[in-house]
Amino acid sequence: MAGNRTFTMIKPDAVEDGHIGNILQHICNAGFRIVAMKYTRLSREKAGEFYAVHKERPFYGELVEFMSRGPIVAAILEKDNAVEDFRKLIGATNPANAEPGTIRALYAKNVGENAVHGSDSDENAAIEGSFHFAGVEMF
Ligand code: DAT
Ligand code: MG
């Protein structure tokens with residue numbers, strides 16, 4: 001059965017460009033409930049840990065630099081079929097391939113600076129949510 005929680009980050013590019021409010025509005029309008037949320041910044045070390053699965057990829061260094069260069073908004077979101085529905089809402093990793101109207105089509109710059117993160121499985125949603133939030137910060 002599909003789980004009902006996913007994890008997201010509004011990435012440094014979208015924060016720098018002033019898109020926090022618009023992106024949160026897309027998320028809420030799509031029927032996601034906010035379970036947990038914080039405005040924070042990843043250290044290089046923490047960004048490296050979060051994206052450790054991509055350690056061998058050629059873009060890993062660039063990704064860690066980018067994700068630690070400024071503040072982000074981290075959040076846990078709830079909705080039926082959350083992981084899949086959220087991936088649909090954000091669109092493809094490369095905004096050039098993202099469906100019109102998706103968050104990445106609207107706000108992402110390129111495949112590296114792509115505005116938002118969305119978990120790719122129920123298992124990773126739980127791991128990523130716990131990476132950023134303690135149980136007492138989830139409502
Ligand atoms: P997604 O964020 O859509 O789940 P992913 O898990 O494959 O994509 O990659 C994680 C992040 O790494 C992605 O959001 C941006 C960066 N990235 C992926 N592919 C890249 C590439 N070809 N060049 C530069 N950065 C890339
Ligand atoms: Mg991914």
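Tutor: Helices (H or I, at least four residues) and strands (E, at least two) are DSSP runs, numbered from the N terminus. What you see is a predicted model: local features need pLDDT of at least 70, side-chain atom pairs count only at pLDDT 80 or more, and totals for chains, interfaces and linings use all residues. Residues are numbered from 1 along each chain as its sequence is written, chains are lettered from A and ligands numbered from 1 in the order they are written, and side-chain values use heavy atoms, with hydrogens and water left out.

Let's look at helix H5, residues 82-90. Buried here means under 20% relative accessible area, exposed over 50%, and partly exposed in between (1.4 Å probe, protein chains only). In H5, the buried residues are Ala-82, Val-83, Asp-85, Phe-86, Leu-89 and Ile-90. They pack against quite a list: strands E1 (5-10), E3 (72-78) and E4 (116-118), plus helices H2 (20-29), H6 and H7 (122-132). Contact means heavy atoms within 4.5 Å. Just past the end of H5, Gly-91 takes a positive phi of about 85°.

Now follow E1, one of those neighbours. Because 5 of its 6 residues are buried, E1 is largely enclosed by the rest of the structure. Strands pair if DSSP finds at least two bridges between them. E1 runs antiparallel to E3 over 6 bridges, with Thr-6 partnered by Leu-77 in E3. E1 also pairs with E4 in the antiparallel sense, over 3 bridges, and there Met-9 sits opposite His-117.

His-117 leads us to Arg-104, which touches it. Arg-104 belongs to helix H6 (residues 103-107), and its contacts also include Ile-90 and Gly-91, so you're back at the end of H5. Arg-104 is buried but makes no salt bridge, meaning a side-chain nitrogen of Lys or Arg within 4 Å of a carboxyl oxygen of Asp or Glu. Lys and Arg count as positive and Asp and Glu as negative, while His and the chain ends are not counted. The nearest side chain of opposite charge to Arg-104 is Asp-13, 8.4 Å away. What Arg-104 does have is a polar side-chain atom 3.3 Å from the backbone oxygen of Asn-114.

Conventions
Polar contact = N/O pair within 3.5 Å; in protein donor to acceptor, adjacent residues only side chain to side chain. Lists of a residue's contacts leave out its neighbours within four places in sequence.
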